[in-house]
Amino acid sequence: MGQLKQAFKAVFSAIVGIGKREDLVKDFEQTAKQGPWLYIVVALVMTVGFIALVMMIVKIVLST
């Protein structure tokens, strides 16, 4: 479960554009050990969630 939390934190900080060098080093070490698939899946889930959120906000704004 800790790896999933780390992946969400890494992807979120990448999307927002913030992050620490120490966290980046941890992410690269974990990716070298286990591969990038966890980060890819988390990024896709977060992207779909962001698009759904934007669509809901636009729908609410246009309906009023």
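Predicted model: local features only at pLDDT ≥ 70, side-chain atom pairs only at ≥ 80, totals over all residues.
Q: What makes the pattern of the chain α-α-α?
A: The chain has three helices and zero strands, so a reading along the sequence gives helix after helix, written α-α-α.

Q: How do you know how the radius of gyration of the chain stands against that of a compact globule?
A: The globule rule is 2.2 Å times the number of residues to the power 0.38. For 64 residues a compact globule would have a radius of gyration near 11 Å, whereas the chain has 15 Å. The box filled by the C-alpha atoms, taken along the principal axes, is roughly 50 × 20 × 15 Å.

Q: Why is D23 called buried?
A: The term applies under 20% relative accessible area. D23 has 18%, and therefore counts as buried. This residue is found in helix α2. Of the 64 residues of the chain, 17% count as buried.

Q: Why is the pairing of D23 and K9 called a salt bridge?
A: The cut-off is 4 Å between a side-chain nitrogen of Lys or Arg and a carboxyl oxygen of Asp or Glu. The N to O distance between the side chains of D23 and K9 is 3.7 Å, so the pair meets the definition. The pair links distant parts of the chain, with D23 in helix α2 and K9 in helix α1, 14 residues apart. The structure holds one salt bridge.

Q: Which residues does D23 touch, not counting those up to four places away in sequence?
A: D23 touches Q6 and K9 on that count.

Q: What makes A7, A10, V11, Y39, V42 and M46 a nonpolar core?
A: A nonpolar core requires buried residues of the nonpolar set joined through side-chain atoms within 4.5 Å. A7, A10, V11, Y39, V42 and M46 make up the largest such core, six residues in all. Helices α1 (2–16) and α3 (37–63) each supply at least two residues of this core. In soluble globular proteins, nonpolar side chains tend to be buried together.

Q: What does M46 touch, leaving aside residues up to four places away in sequence?
A: The contacts of M46 are F8, V11, F12 and I15.

Technical notes
Residues numbered from 1 in each chain as written. Heavy atoms only, no water. Buried < 20%, exposed > 50% of the residue type's maximum accessible area, 1.4 Å probe, protein only. Helix = DSSP H or I, 4+ residues; strand = E, 2+ residues; numbered from the N terminus. Contact = heavy atoms within 4.5 Å.
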